[in-house]
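Me: I have a model open and would like to talk through how its pieces pack together. Could you take my questions one at a time?

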Amino acid sequence: MQYMNISQTPSPTFYVDKIPVYGDAILAPMMGFSDLPYRSLCREMGSAISYTEFARAEGLIYNMRRVSEKLIYREDERPVAFQIYTHDIDYMVNAALRIQDLRPDFIDINMGCPTKAIANSGAGVGMMRTPLKVARLFKRLSRELEIPVTAKIRMGWDDCVNYKLIARIVEENGGALIAIHGRTREGGRERAANWDVIGEVKQLVKIPVIGNGDVKCVADIEKMKTHTNCDGVMIGRAAIGNPWIFSGKDRDEVNFEEVQKVMSEHLDRNLLFYGEELGINLFRKHVVQYLAPLHTTRRYRRELLTRENREEFLELLAQVNENLVR
Ligand SMILES: Cc1cc2nc3c(=O)[nH]c(=O)nc-3n(C[C@H](O)[C@H](O)[C@H](O)COP(=O)(O)O)c2cc1C
């Protein structure tokens, strides 16, 4: 008689409605960074959910190529969350219904973006100033969609710190998860994110809560979980040029050969997804981040940033190792 090895069937860390999530570290949605090439790489290295960069609902409805492209994903990235934003309930619901056909696992509503043009129009964190609208929006989305809908929020809008009210509204109107960044709209990046508010939301609602803000290294993941009891931890800036954080390794534990291997894989994914010219162009900002912790000479950094094709780039990268300033 054969016995099943229980250790081979890990139980989910939490569920988004009925969707199991395995793992507690998640790459944050980041415009310009959490695109398919980098997202899929992070997912392979342990990020538990693939959130797309945010996409404007109107752009999806009018089928704008650059916006729709953000929602292309790989099957092995699941669970996949499409993140969308707008200030208008009808546009949001129509866009959500339309993109549901692309079979994401859930749709996330951005209520955290502080960029003036977005927030001042009533979208992003601007939506948190209109709680009744949030209630109407989530009621309609949870009724009309066949897949779960979730929210990414902040503490609030400066003098209107209403994350508890908004969290309750999201849950009461059918939301399946809340991710919260422990800052207000203006809560400058020089001030530490407030993790207490993540713990307060976790105590308040029954749906899963993902904490976000200032997780800088592997140990911080556990620290935030212990401090807040949150179900998952979302990592933004510290994951740029550092997908290893999702496999439990800090950058100083990663040797140059591994950096070289991952950069080459990332570049290949960029070229495949965007084509030769745009792929290498968009890769440059990642190069800066990958190399930041290494003591490369300025000359190499500059030359790497001006390479025009894959072969030249990889050849030069191979030389970096011998020329690290030690
Ligand atoms: C370059 C950049 C782009 C971002 N784009 C998005 C986005 O598209 N959607 C979103 O919800 N948040 C976005 N954010 C916010 C992050 O998801 C995250 O909430 C924030 O960076 C705080 O987490 P951190 O301290 O780990 O960086 C962005 C942040 C950065 C730095």
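Me: Which hand does the crossing of helix 7 and helix 8 have?
Reply: This is a predicted model, where local features need pLDDT of at least 70, side-chain atom pairs count only at pLDDT 80 or more, and totals for chains, interfaces and linings use all residues. Residues are numbered from 1 along each chain as its sequence is written. A crossing is left-handed if the near helix is turned anticlockwise from the far one by less than a right angle, and right-handed if clockwise. By that rule, helix 7 passes helix 8 in a crossing that is right-handed.

Me: At what angle do the axes of helix 7 and helix 8 cross?
Reply: Helices (H or I, at least four residues) and strands (E, at least two) are DSSP runs, numbered from the N terminus. Axes are lines fitted to C-alpha atoms, for helices over the stretch in contact, and angles run from 0 to 180 degrees between N-to-C directions. The axes of helix 7 (residues 163-172) and helix 8 (residues 196-204) come within 10 Å, and they cross at roughly 35°.

Me: Which residues of helix 8 make the contact with helix 7, and how many of the contact residues are charged?
Reply: Two residues are in contact if their C-beta atoms, placed from the backbone, lie within 7 Å. Helix 7 brings Tyr163, Lys164, Ala167 and Arg168, while helix 8 brings Val197, Glu200, Val201 and Leu204. For the classes, Ala, Val, Leu, Ile, Met, Phe, Trp, Tyr, Cys and Pro count as nonpolar, Asp, Glu, Lys and Arg as charged, and the others, Gly among them, as polar. The contact of helix 7 with helix 8 has 5 nonpolar residues, no polar ones, and a charged count of 3.

Me: Is helix 4 roughly parallel or roughly antiparallel to helix 6?
Reply: Helix 4 (residues 89-100) and helix 6 (residues 131-144) pack with their axes 10 Å apart, at an angle of about 25°. Angles under 35 degrees count as roughly parallel, over 145 as roughly antiparallel, 65 to 115 as roughly perpendicular and the rest as oblique. Therefore helix 4 and helix 6 are roughly parallel.

Me: And is helix 10 roughly parallel or roughly antiparallel to helix 11?
Reply: Helix 10 (residues 256-274) packs on helix 11 (residues 276-291) with the axes 8 Å apart and an angle of about 150°. Because of that angle, the relation of helix 10 to helix 11 is roughly antiparallel.

Me: How many residues of the contact of helix 10 with helix 11 are nonpolar?
Reply: Helix 10 contributes residues including Val259, Met263 and Leu267, and helix 11 contributes residues including Leu278, Ile280 and Phe283. Alongside 4 polar residues and 1 charged one, the nonpolar count is 11.

Me: How far apart are the centres of domain 1 and domain 2?
Reply: The bounds, from an automatic or database domain assignment, are 6-247 for domain 1 and 255-322 for domain 2. Taken over C-alpha atoms, the centres of domain 1 and domain 2 are separated by 29 Å.

Me: Which residues are closest to the ligand?
Reply: The shell around the ligand divides into 10 nonpolar, 8 polar and 4 charged residues. A residue is near a molecule if its C-beta atom, placed from the backbone, lies within 6 Å of it. Of the 22 residues that surround the ligand, the closest are Ala28, Met30, Phe54, Gly236 and Arg237.

Me: Which residue does a cis peptide bond join to arginine 78?
Reply: Most peptide bonds are trans. Here omega is about 0°, and the partner of arginine 78 in the cis bond is proline 79.
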